[in-house]
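Subject: Structure for you to look at

Hello,

Here is the structure I said I would pass on. Please open it first, then read the notes below it.

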Amino acid sequence: MLMNSASTGSELYLDLLKKILTNTLHATEPDVDEIQERFVIQFLHHYIQGPAISMLPRCRLDNLQACLTDVIARNIPGDCIETGVWRGGAAIFMRAVLRTYNEADRLVWVADSFEGLPEPDAERFPREAKAYHGAMMRKAFDHLAASLEEVQANFKAFGLLDDNVRFLKGWFKDTLPKAPIERLAVMRLDGDYYESTMDALTNLYDKVSIGGYVIIDDYGEDSWTYCRQAVDEFRKLRGISDPMVQVDRPCFFWRRSA
Ligand SMILES: C[S@@+](CC[C@H](N)C(=O)[O-])C[C@H]1O[C@@H](n2cnc3c(N)ncnc32)[C@H](O)[C@@H]1O
């Protein structure tokens, strides 16, 4: 029997892309539920020293795909953004999904310092500062720095560097207030820290369409970041009661209803 080759081809393409981006074609991804010390070692080998282009576990790319296909299916207007892209993998995946569905009018915004994490204020954010200054983060992870040229080369390698991809280089507090973004359908926040998360929410949330998605990569992390506190404070301040849905231990999202 002849299969529906168009939809099968798209699904196969996106599935293969996820495996390449996460370096899971042959290898197994680190287990986020593993004890912290073991996870960090696995993380170092698999992502930082390996060829992965995203450090997202597979289920978070599945979640991103589900949010994107949902806004496409329901005609929720707006672009997509990831704030905090590292080597660009999740943003590349966003562009791939939009291309697959011929969504020619939606842009992908790629926001990062392209020089790694900002130094947290040690008095306000002691846990973040401790992690930031730790030997592993400084020496092995290089504060998660990946240059703009490297990220653009990664987009290009997948044939996905085109006019619908816009780069916002610099600290979120400087780039996001003046970014020429009109509307967002999917906003994925992966800047790790309290201020990086709060800067994104403060400057971008009002641009998220009703029916659009807000994904918080590190909401469930408590040992080295205050990301959850930033999100909880923002939601309280703005009276947001949309339920937060869990993707895996750290990652949560909500769908904007009002
Ligand atoms: C965990 S990584 C992102 C992982 C990425 N989403 C992926 O698919 O692999 C965090 C990124 O956030 C960036 N970042 C964090 N806070 C930032 C800020 N305030 N301004 C600009 N970039 C920031 C870092 O440079 C780093 O690239």
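A nonpolar core is a set of buried Ala, Val, Leu, Ile, Met, Phe, Trp, Tyr and Cys residues joined through C-beta atoms within 7 Å. Buried here means that 20 or more other C-beta atoms lie within 10 Å of the residue's own. Please keep in mind that this is a predicted model.

The core. The largest nonpolar core holds 67 residues, and those with the most contacts inside it are Phe93, Met94, Val108, Val110, Val186, Ile215 and Ile216. Helix H4 gives the largest share of this core, eight residues. Leaving aside neighbours within four places in sequence, Val110 is in contact with Glu82, Val85, Gly88, Ala91, Val151, Val165, Arg166, Phe167 and Leu168.

The strands. Strand E4 (residues 184-189) and strand E5 (residues 208-216) run parallel and are joined by five bridges. Together with helix H9 (residues 194-204), E4 and E5 make a right-handed β-α-β unit. E5 is also joined by four bridges to strand E7 (residues 252-255), and these two run antiparallel. There, Val214 stands opposite Trp254 in E7. While you are looking at strands, remember that in a regular strand the side chains alternate between the two faces of the sheet.

The ligand. Which residues come nearest to the ligand? Of the 23 residues around the ligand, they are Ser54, Gly84, Ala90, Gly191 and Ser196. By class, the shell has 11 nonpolar, seven polar and five charged residues. Helices H4 (89-100) and H9 each supply at least two residues of this shell.

Two backbone angles. Asn102 is not a glycine, yet has a positive phi of about 55°. Asn102 lies in the loop between H4 and strand E2 (108-112). Is Asn102 buried or exposed? Asn102 counts as exposed, because it has 8 C-beta neighbours inside 10 Å and the limit for exposed is 12 or fewer. Leu144 is not a glycine either, and has a positive phi of about 60°. Leu144 is found in the loop between helix H6 (135-140) and helix H7 (148-157). With 19 C-beta neighbours inside 10 Å, Leu144 counts as partly exposed, because buried needs 20 or more.

Regards

How values were computed
Residues are numbered from 1 along each chain as its sequence is written. This is a predicted model: local features need pLDDT of at least 70, side-chain atom pairs count only at pLDDT 80 or more; totals for chains, interfaces and linings use all residues. Two strands pair if DSSP finds at least two bridges between them. A crossover is right-handed if, with the strands pointing away from the viewer, the path from the first strand over the helix to the second runs clockwise. A residue is near a molecule or strand if its C-beta atom, placed from the backbone, lies within 6 Å of it. Ala, Val, Leu, Ile, Met, Phe, Trp, Tyr, Cys and Pro count as nonpolar, Asp, Glu, Lys and Arg as charged, and the others, Gly among them, as polar. Two residues are in contact if their C-beta atoms, placed from the backbone, lie within 7 Å.
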